Amino acid sequence: MSTISETTTAAAERGQRHLPGEEGTWVFILGDMTVFAVFFATYLYYRGQQRALFIESQHSLVQGYGVTNTLLLLTSSLCVVLGMKAVRRRLAGEPTRAAPWLFGGALACGLGFSVMKFVEYGQKLAAGITPATNDFFMYYFILTGLHFFHLILGMGVLVFLIRAGRQASMSARQFAFVEGGACFWHMVDLLWIVLFPLLYLVK
């Protein structure tokens, strides 16, 4: 069973770039992003057909929620990047235990995002706004709901990363799963970075 250091060294000797994570992870991530791209294109098409309705409905969204959630996810991605660096240092023999705390920080940001989203959904439903209100809110609830589902999955991945970050050694395959989990969380962040201006800002 090869270790992460042996695998990385072998790749460097062959002059190859290291692709983080398992290949299957990237098939899943790219497939998922393709599905979201289709949804984004469909949303923009119907927005073009009903511009006045979409712009009027967009005014009922609170941009502050979107900005706060964007900052939370950007911070969480930074924590994951730093956490992966800490994992590599620990596997290289450095006595650092920062990785679990950094991944925990990313998880806390994800929980903060969840609270904000529940508050936002609650206000919409209390005002009588549902997916059946009009086409804009149908896409709003579908797109943000799908993203929120991915965020919940991502928080489960972060729990796995917290546990993995405590290990002093792991095989190359185990490390690939850790990298893949980090890439999945970055995808969750990237999808929101597209969703936020699409739903809250684009006029």
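Leucine 190 is placed in helix H7. At 39% relative accessibility, this leucine counts as partly exposed. The model described here is a predicted one.

## Overall make-up

The protein chain contains seven helices and zero strands. Read from the N terminus, the order of its elements is α-α-α-α-α-α-α. Of the 203 residues in the protein chain, 43% are buried. Among contacts with a separation of 6 or more, 81% are between residues 24 or more positions apart.

| Helix | Residues | First to last C-alpha | Expected span |
|---|---|---|---|
| H4 | 29 residues | 42 Å | 42 Å |
| H7 | 30 residues | 43 Å | 44 Å |

For H4, the reach from the first C-alpha to the last is close to the value expected at 1.5 Å a residue. The reach of H7 is likewise close to its expected value. Glycine 93 follows H4, and its phi is positive, near 110°.

How many of the 30 residues of H7 are buried? The count is 21, so H7 is largely enclosed by the rest of the structure.

Leucine 190 is one of the residues that make a nonpolar surface patch of about 460 Å². Helix H4 (63–91) and helix H7 (172–201) are the elements that give two or more residues to the nonpolar patch. A residue must have over 30% relative accessible area to be part of such a patch. Leucine 190, at 39%, is therefore above that cut-off.

## The nonpolar core

The largest nonpolar core has 49 residues. Within this core, Tyr43, Phe103, Tyr140 and Leu151 touch the most other members. The elements that give two or more residues to the core are helix H2 (23–49), H4, helix H5 (98–126), helix H6 (135–164) and H7. The largest share comes from H7, with 15 residues.

Tyrosine 43 can be followed through its contacts. With neighbours within four places in sequence left aside, tyrosine 43 is in contact with Phe54, Phe136, Tyr139, Leu143, Leu198 and Leu199.

Leucine 102 is placed in helix H5. Its relative accessible area is 21%, which means that leucine 102 is partly exposed. The cut-off for buried is under 20%. Leaving aside neighbours within four places in sequence, the contacts of leucine 102 are Cys79, Leu82, Gly83 and Ala86. Glycine 83 is 19 residues from leucine 102 along the chain, and the C-alpha atoms of the two are separated by 5.2 Å.

Serine 114 is also placed in helix H5. Is serine 114 buried or exposed? Serine 114 counts as buried, because its relative accessibility is 7%. Apart from neighbours within four places in sequence, serine 114 is in contact with Phe148, Leu151, Ile152 and Met155. Leu151 is also among the core residues that touch the most other members.

## Salt bridges

Side chains of opposite charge can pair when their charged atoms come close. The count of salt bridges in this model is two.

Which residue forms a salt bridge with arginine 88? The partner is glutamate 179, and the closest N and O atoms of the pair are 3.2 Å apart. This pair links distant parts of the chain, since arginine 88 is in helix H4 and glutamate 179 is in helix H7, 91 residues apart. Arginine 88 is partly exposed, because its relative accessibility is 40%. Glutamate 179 has 3% relative accessibility and so counts as buried.

The other salt bridge joins the side chains of glutamate 120 and lysine 117, with 2.9 Å from N to O. Glutamate 120 and lysine 117 both lie in helix H5. The two are three residues apart, about one turn of the helix. Both glutamate 120 and lysine 117 are buried.

Technical notes: Residues numbered from 1 in each chain as written. Predicted model: local features only at pLDDT ≥ 70, side-chain atom pairs only at ≥ 80, totals over all residues. Heavy atoms only, no water. Patch = residues over 30% accessible without salt bridge, like charges linked within 9 Å, V, L, I, M, F, W, Y side chains within 5 Å. Areas by Shrake-Rupley, 256 points an atom, 1.4 Å probe, with all protein chains shown as cover. Salt bridge = Lys/Arg side-chain N within 4 Å of Asp/Glu carboxyl O. Helix = DSSP H or I, 4+ residues; strand = E, 2+ residues; numbered from the N terminus. Buried < 20%, exposed > 50% of the residue type's maximum accessible area, 1.4 Å probe, protein only. Expected span 1.5 Å × (residues − 1). Core = buried A, V, L, I, M, F, W, Y, C linked by side-chain atoms within 4.5 Å. Contact = heavy atoms within 4.5 Å.
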